[in-house]
Every structure is written in C-alpha cells, then in structure tokens.
Amino acid sequence: METEIVVVGGGIAGASAAFHLASHGRRVVLLERGEIASAASGQNMGGIDSYGWGDAPDLQAHLTAGSIEIFEAVQTDHGEDIEFRRSGGLQAIRTAEEYEFERDRVETLRKRGQVAELITTREASGIEPGFSPALLGALYAPRRGQADPVKATQAFARLAERRGGRVLTHREVRAITPRADGGYAVRTSEDEIAAGALVIAAGAWCGPVGAMLDLDIPIVPVRGQMWATAPLEPRVFQTISAAESAMAWARDHGGAPPDLTHRDGRRVTRHLYGRQRRNGEIIFGGDRELIGYEATPNSAGIEVNREHAISVLPLLAKFPIARTWAGLMPFPLDGKPLIGRVPGRDNLWIVTGLASSGFGRGPMAGKLLADYLHTGTPAPVLSGADPAGRVRELARR
Ligand SMILES: Cc1cc2nc3c(=O)[nH]c(=O)nc-3n(C[C@H](O)[C@H](O)[C@H](O)COP(=O)(O)OP(=O)(O)OC[C@H]3O[C@@H](n4cnc5c(N)ncnc54)[C@H](O)[C@@H]3O)c2cc1C
C-alpha cells in the first residue's frame, strides 16, 4: 500500500491529526495496533479544561479553548453524539492557604482576559447541590466541559474516514525504515505501507516507536487510575476537581516529569477529578505515578482518591466502588507538549506529550500539527512545543 501520510496511533491526538489532514484533502492512513481509543484516550475521565481564549492566547489557551470548540463542532455540526456538554467546572477549596492560592490564580486569569471566578460554598451548592458545606469555596470555571472519551476519539477517526482517510485497526507498527526519496517504509503486523510523511502520535509508546527510527523521544508512561460507582440517577452536574494538587505543583513541580502525585513511591499530594457520565456512573480519579508500563489499578491509591472525593461530595459515601481501571499517559520529561517537525529528519512529525490533560487538548494539538504539515508553516504558538533540541538521535552503543 502507498499513501501520502501515515499517522501512528489511534488516540485522540492521532485521530484528530488524521481528521484535520484528511480535511485538508491529504491522503492519510491512521494505524492503530488495537481499537481506536483503546489506550489513554478511551480510559480517561473525559474532562475538558478551558478558561477561554483570553486577550493574548498562548499555547495552553490554544490547546484548551481551541479543543473545546472542536469538540463542540463535532457534537453539533458533524452529527456525532460524543456526550459533549459545557458542564462548567468546580475546583474545591479546603484550606485558607488554598483559598489565597486560588484567589491569586483567578486574578492572573482575569488579567489575561480569561474566565474564572472565586465563589462561596453557598454559591457552589447552588450549582452543585452535593458540594460539601465544610469546604471554604470553589474556583468556578464556566468554560470547562466534558465528553465521552471513547465516543469522542472514535468520532474523530470516523470523520477522518468520511473525508477520505483510511483507518486501519489491529495494525501494530513494528519497524520503520527511511527511504531514499525522503519517505518511510512502515512495516505493520499485517503489511508494509510506503508513506511520503510519518506522524508519530503513539502516546505513552512514543519512546519505543521513536527507537525504531533511532530517536530518543523524551516521553515517559505515567499511570493514571479511576474508579466508578454503579449507574445512578443524576447527582453530579459539574466537572469536579480540588485545589490541593494545583497548589502543591505551583510550589514544587517535583522533577522530571513534573506534576506527579508520587515521587519514589511516596505520595507528595492528592489530586482529584471526576464527573457523572450520561450512563449514570459517577467516576473519579487522580493519581499520577511513574512506574513504567504498569497499568493495573492500585487499591490503596483508589481508596485515598475516594476519600478525597467524599470530602468534596459527601453523597459519594453512600455508593460503593463498582469498577476500577487504569491507563498510561504520555508525560514529557520537561512538561511541554511535542507538536511539530522532527529536526534532522525528512518528513517526520510528532504530536504527543499531552500528559494528564491530553483528552481535552488533543483535538487542537492534532489540528495544529495537521495545519503545520499541510502549509509548511507553524502557528507561532507552536514555538512552545517545538521538538527541536528535545527529540534527539539515540546514542549508539
Ligand atoms: C485515568 C486517566 C484519566 C485521565 N483523565 C483525563 C481528563 O479528564 N482530561 C484530559 O484532558 N485528559 C485526561 N487524561 C489524559 C489523556 O487521556 C491523555 O493525555 C490522552 O488520551 C493522550 O492521547 P494520545 O493520543 O497522545 O495517546 P493514546 O490515547 O495513548 O493513543 C496512542 C495510541 O497509539 C497506539 N500505539 C502505540 N504504539 C503503537 C504501534 N507500535 N503501532 C500502532 N499503534 C500504536 C496505542 O495503542 C494507542 O491507542 C487521563 C488519562 C488517564 C490514564
């Protein structure tokens, strides 16, 4: 088989890149070793961050505010029911110190023209009736949203196909060989594909895929885990989080990669995010641990997370855990996404490093990559995600 562009990885980043490349009229083949959304993009909580574009949007504003607009368009304009809604988000404040921290954050966001508000516990209860009266208040982010991870990621792949792209599942990429004409021979578990250009979008597996090209891609797998109640009638309306970890990570990023809940096996902070799905399950998660490609849930961490969730929404104490799961997030060692052209190589591109918020940022990451590949010119904000100096040649033994 021969094509213009091969995208490796059928998560949200690869599926969005394929959709936007196909929308530019490019001949694209998306290769996924399992099903579309079988890794992190289907296992995540489905939270979509956004404080709006603001007055001078940086990369983070592009990725968040841009993505939420794309999700909305997929739901409302492209006829794909991905369970998207602009739910709004509440970040629970537990201590006076957290209150001060969140007050400063709101001030900074507002100076940038972004949208966030500090509200009282009473006001929070008006938006989220289960909100604990013992809390000190909340940061309210009305632009936040949520969607179903599997449905949304599969929708991007379907839209890519509708625009002429090909989506091949159960095609594991096993070897990649540069060709004399600047393209690549991609050997999969089934066949060999000749591609003019290659996009690496393999999430937590970018390291092994890069090694096929003798490249050192600075991405490590970080385990995130979740739990769910049985389906319940509607009780949780916002996307819920807590200020504790935001404050901890603002004070100490904690090494490489930054913003983990555990260091050397020891907990450094609790982290929390959750929502109620349309099927009625209330789902929560938070831990981020660097333990290699280990992706089974850890019950002690799940219990800490459940207690944290109960402290924000006491109603959860009544409902036992019905199921748990875990997945691997692509964490960049320096904390910055990798979106763009790989220097020193012909026609090689990458979109990854979206870490713990890649579901909510993936649609725009894929679009920025596709627009750059198609036009040859990067959006100025992509200077903050440039692979140059970060993706390196693998040291030869
Ligand atoms: C428990 C959990 C909760 C999370 N909650 C949120 C949240 O609420 N909001 C949010 O924004 N983000 C969240 N995230 C993070 C988010 O899920 C990820 O950042 C995002 O899904 C990464 O997308 P991706 O496309 O880069 O990677 P992936 O989804 O991992 O996709 C990469 C794909 O590449 C495929 N692949 C790898 N190697 C090969 C190969 N050799 N050949 C073919 N295919 C290959 C894999 O099978 C995989 O499907 C969460 C993650 C987890 C684990």
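## Arg-143 and its loop

Arg-143 sits in the loop that runs between strand E6 (137-141) and strand E7 (145-146). This is a predicted model, and in it Arg-143 is partly exposed, with a relative accessible area of 36%. That value falls between the 20% under which a residue is called buried and the 50% over which it is called exposed.

Arg-143 and Ser-299 are 156 residues apart along the chain. Their C-alpha atoms are separated by 33 Å.

## The ligand site

The ligand is surrounded by 38 residues. The closest of these are Glu-32, Ser-41, Gly-47, Ala-355 and Gly-360. Sorted by class, the shell consists of 18 nonpolar, 16 polar and 4 charged residues.

Several secondary-structure elements supply at least two shell residues each: helix H1 (12-23), helix H2 (40-43), strand E13 (219-228), strand E19 (323-332) and helix H10 (358-375). The ligand lies between domain 1 (2-78 + 149-218 + 334-393) and domain 2 (89-142 + 220-332), because both domains give residues to the shell around it.

## Backbone contacts and cover of the ligand

For Ile-12, a backbone N or O atom lies 3.2 Å from an oxygen atom of the ligand. For Met-45, a polar backbone atom is 3.1 Å from a ligand nitrogen atom. For Val-173, a backbone N or O atom lies 2.9 Å from a nitrogen atom of the ligand. On its own the ligand has 1000 Å² of accessible area, and the protein covers 98% of this.

## Aromatic pairs

A pair of aromatic rings is described by two values, the distance of the centres and the angle of the planes. The count for this model comes to 7 aromatic pairs. One of them, formed by Trp-205 and Tyr-293, is stacked, with 6.1 Å from centre to centre and 25 degrees between the planes. Trp-205 lies in the loop between strand E11 (192-200) and helix H7 (206-211), and Tyr-293 in the loop between strand E18 (282-289) and helix H9 (299-312), so this pair ties together parts that are 88 residues apart in sequence. Trp-205 is partly exposed at a relative accessible area of 22%, and Tyr-293 also counts as partly exposed, at 41%.

Trp-349 and Tyr-372 form an edge-to-face pair, with centres 4.8 Å apart and 90 degrees between the planes. Trp-349 belongs to strand E21 (residues 348-352) and Tyr-372 to helix H10, so the pair ties together parts that are 23 residues apart in sequence. Both Trp-349 and Tyr-372 are buried. Ring pairs also link five phenylalanines into a cluster: Phe-19, Phe-71, Phe-84, Phe-156 and Phe-359.

A cis peptide bond joins Ala-256 to Pro-257, with omega at about 0 degrees.

Asp-259 is not a glycine, yet it has a positive phi of about 65 degrees. Its relative accessible area is 22%, so Asp-259 is partly exposed, given that buried means under 20%. The C-alpha atoms of Asp-259 and Pro-208 are separated by 23 Å, and the two residues are 51 apart along the chain.

## Two buried residues

Ala-37 is another residue that has a positive phi, of about 70 degrees, although it is not a glycine. Ala-37 lies in the loop between strand E2 (28-31) and H2. At a relative accessible area of 8%, Ala-37 is buried.

Gln-91 is part of strand E4 (residues 89-93). With 7% relative accessibility, Gln-91 counts as buried. The side chain of Gln-91 makes a polar contact of 3.3 Å with the side chain of Ser-241.

Notes. Residues are numbered from 1 along each chain as its sequence is written. This is a predicted model: local features need pLDDT of at least 70, side-chain atom pairs count only at pLDDT 80 or more; totals for chains, interfaces and linings use all residues. Side-chain values use heavy atoms; hydrogens and water are left out. A residue is near a molecule or strand if one of its heavy atoms lies within 4 Å of it. A polar contact is a pair of N or O atoms within 3.5 Å; within protein, one must be able to donate a hydrogen and the other to accept it, and residues adjacent in sequence count only if both atoms are side-chain atoms. Accessible areas come from the Shrake-Rupley method with a 1.4 Å probe; for residues, only the protein chains shown count as cover. Helices (H or I, at least four residues) and strands (E, at least two) are DSSP runs, numbered from the N terminus. Ala, Val, Leu, Ile, Met, Phe, Trp, Tyr, Cys and Pro count as nonpolar, Asp, Glu, Lys and Arg as charged, and the others, Gly among them, as polar. Domain bounds come from an automatic or database domain assignment. Rings of Phe, Tyr and Trp (its six-membered ring) pair if their centres lie within 6.5 Å; planes under 30 degrees apart count as stacked, over 60 as edge-to-face and the rest as tilted. Buried means under 20% relative accessible area, exposed over 50%, partly exposed in between (1.4 Å probe, protein chains only).
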